[in-house]
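This briefing covers the fold of one chain, the contact between two chains and the setting of one residue. Please consult the sequence and structure shown here alongside the points that follow.

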Amino acid sequence: MGRNSGLEIIAFIAAVVSTTVVRVFMDEGGAEQPISLVLTCFVYGVLALLSANIIKNFLGGYMLGSNAQFNWVGWPTGSRAGAPRGFRARMMSGLDAMERHVEWFIRICGWSAILFVMAIFFFVIKEGAPALVGDLDLWNFFSSTKWDPTAAGKSEYGILALIVGTLSVTILSMLLAVPLGLGAATYVSEFAGTRTKETLKVLIELLAAIPSVVWGFIGMMVLGPILVTTTGASVGVNMLNGALILALMSVPVIVSVAEDSLRAVPDSYREAALAMGATRWEIVSRVLFPAAKSGLLAAVLLGVGRAIGETMAVLMATGHSGRIPQSLVDPVQTLTATIAAEMGEAPRGGEHYQVLFLIGIVLFAFAFVVNMVADLIVKGIRNEKNG
Amino acid sequence: MAKNSSWVPTLICSLLTISTGCSDRASSGNTIQVGGSDTMVNVAQKWAEVYTSENPDISVQVSGGGSGVGIAGLMDGELDMANASRAIKDEEQELVKKNLGQDPLEHVVGRDALAVYVHKDNPLNKISLAQLAAIYGESGDITKWSQLGIKVEGDDEIVRVSRQNSSGTYVYFRETVLGKKGNYKQGAINQSGSKDVVDLVSTTASAIGYSGMGYATDQVKMLAISKADDDAVEPTAENAASGKYPIARPLLIYTIGQPSGSLKIYLDWILSSKGQKIVSDLGYVPIN
């Protein structure tokens with residue numbers, strides 16, 4: 001941050017003293033923890049130091065231009081020779097002086113993005129690992145359908161029914177969403193007129209903006225009774241309901257990415273195909289889809305990722321009933337909904353809590369497998385293209 | 001621009017830091033944090049509303065989440081009062097004693113009768129505790145409405161509607177109907193709230209579910225419950241208060257030790273005739 005002068009040190013001390021005074025003497029709050037006080041003082045002190053440095057550099061640039069020097073208190077001194085003149089020039093010069101600070105800020109933002117992801121990853125593993133290495137029967141965990149953590153007597157932790165629930169709802173929703181999404185993307189990109197294209201894009205983005213809990217509500221209140229009357233299901237909240245809602249939620253994601261990748265195919269491909277006498281559908285199916293393969297696959301996988309991780313909508317729309325479904329209209333229970341429903345009650349650090357985090361690790365594993373498969377397929381496509 | 005106005009930056013920075021150092025949380029003496037039972041959340045919100053309109057300098061924040069969540073919040077120090085529709089478990093009591101050094105204190109603030117709901121077109125009018133245990137319990141063998149001798153408009157298969165396992169209602173129903181060692185049969189539809197159970201039963205012809213008496217609507221029918229061979233008892237406030245209705249439970253509030261200050265005044269108000277009138281207005285049974 002450059003040479004720190006007396007100003008920064010004064011600011012640091014002032015921050016520490018004022019924080020201590022406010023926290024210890026003026027708050028009527030609870031017991032004061034020394035570590036918390038020291039940490040808070042340090043944080044505010046560093047913030048004060050940085051603010052002082054930024055203001056000092058800005059003032060230096062404003063008043064004296066890029067050759068500003070500072071005296072021991074931090075006030076800009078030195079020759080007025082190269083100083084900027086006029087308000088605009090001074091403002092620009094002041095902002096230029098803060099360039100290093102901006103650079104560091106951007107650098108820290110970049111690091112913190114990676115840091116947060118790693119931190120989440122390690123947190124989940126840290127909380128769930130005791131269940132893995134403890135005395136949980138892992139074979140029973142993956143093969144039993146009985147999930148009853150609060151049972152009188154021995155708790156049952158079997159997630160087979162939950163895994164089947166998640167996979168069945170995801171696969172069914174993808175069977176519905178992929179044709180719908182790719183079809184919509186093709187229509188918007190190739191066949192729609194300009195006005196229709198704009199309107200449709202806005203409407204599809206609107207679909208993406210609907211909160212997932214509203215989708216769950218629609219599933220429970222609107223789609224449930226419809227399914228009961230049309231399919232003769234005994235209960236309206238079931239696997240089909242959840243899959244339909246998930247499909248509707250994934251379609252905007254698939255459409256956005258697929259439409260972008262179709263538009264990225266150069267026009268020369270389309271023109272060449274037209275020149276050879278291809279019909280519109282032949283252009284789409286024989287030329288565009290193979291050309292945009294990796295982008296379309298990315299779209300589908302984003303949709304799958306959305307469907308596997310969706311929590312609120314499936315909690316409300318699938319009926320949350322732990323069983324292996326015998327038909328399309330049987331209620332099921334998903335892994336994500338189980339965590340959402342039970343995490344609040346599980347005592348922190350207890351076995352139930354650790355098993356719920358273990359379910360989180362299982363979900364991570366699913367996401368990892370899906371991404372790895374995607375990577376391999378994309379690599380395969382790329383080799384095919386280049387080979 | 002005077003050359004020795006070098007205290008200006010220092011002053012600005014100190015003011016900035018003093019302003020950030022001041023906390024803006026309300027003094028804890030005037031905010032009461034209440035949370036826990038979903039069964040009691042409507043009553044708790046009505047209490048908070050009426051009490052704060054009479055005493056505007058106190059603020060009461062109510063949340064739900066289930067009795068388990070409320071007691072966990074009490075343990076963590078986030079809540080001043082935990083609403084519970086079930087008694088505190090032994091291990092929870094130990095944890096409170098360990099974390100906070102004091103025992104949790106139980107206050108009975110009302111009574112709730114759990115009603116068994118069926119669709120309004122269901123011909124059934126009464127059911128016995130043994131039949132309920134056979135429907136809901138792990139080892140029970142009743143899975144079809146025809147086994148009870150009735151025919152419903154929908155599927156013959158009984159659709160059991162239950163609550164998620166973080167709910168005090170779930171635990172209370174299990175202990176009362178299935179016994180202390182009983183467990184639920186797998187495959188019930190687990191709803192997240194008392195109202196959701198009634199909603200699902202009202203739209204599903206072959207459903208049966210349990211929820212608080214206060215959540216009844218005219219789209220569902222409440223069944224009269226009989227104990228062993230007695231006459232079936234209707235789920236009404238009088239029967240719950242007199243003890244004749246077999247599935248009635250006390251509504252509890254837990255505090256850490258004896259409450260004091262504004263907390264004590266609030267609790268006394270809840271137990272007074274004003275608070276209890278709200279309890280009976282919402283379909284529960286007052287304690288007197």
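**Briefing on chains A and B**

In chain B, residues 24 or more positions apart account for 72% of the contacts with a separation of 6 or more, a contact being two residues whose C-beta atoms, placed from the backbone, lie within 7 Å. The model is predicted: local features need pLDDT of at least 70 and side-chain atom pairs count only at pLDDT 80 or more, whereas totals for chains, interfaces and linings use all residues. Residues are numbered from 1 along each chain as its sequence is written, and chains are lettered from A, with ligands numbered from 1, in the order in which they are written.

**Chain B**
- Chain B contains ten helices and eleven strands, taken as DSSP runs numbered from the N terminus (helices: H or I, at least four residues; strands: E, at least two).
- Of its 288 residues, 46% count as buried, that is, with 20 or more other C-beta atoms within 10 Å of their own, C-beta atoms being placed from the backbone.

**Contact between the chains**
- Chain A contributes 45 residues to the contact and chain B contributes 41 residues.
- On the side of chain B that touches chain A, helix H1 (7-21), helix H3 (67-76) and strand S7 (189-191) each supply at least two residues.
- H1(B) gives the most to that side, with nine residues.

**Pro325(A)**
- Pro325(A) lies in the loop between helix H13 (312-317) and helix H14 (335-342) of chain A.
- Pro325(A) is buried, with 21 other C-beta atoms within 10 Å.
- Leaving aside residues up to four places away in sequence, Pro325(A) touches Ser168(A), Met239(A), Asp330(A) and Val332(A).
- The C-alpha atoms of Pro325(A) and Val164(A) are separated by 8.2 Å, with the two residues 161 residues apart along the chain.

Technical notes. A residue is buried if 20 or more other C-beta atoms lie within 10 Å of its own, exposed if 12 or fewer, and partly exposed in between; C-beta atoms are placed from the backbone.
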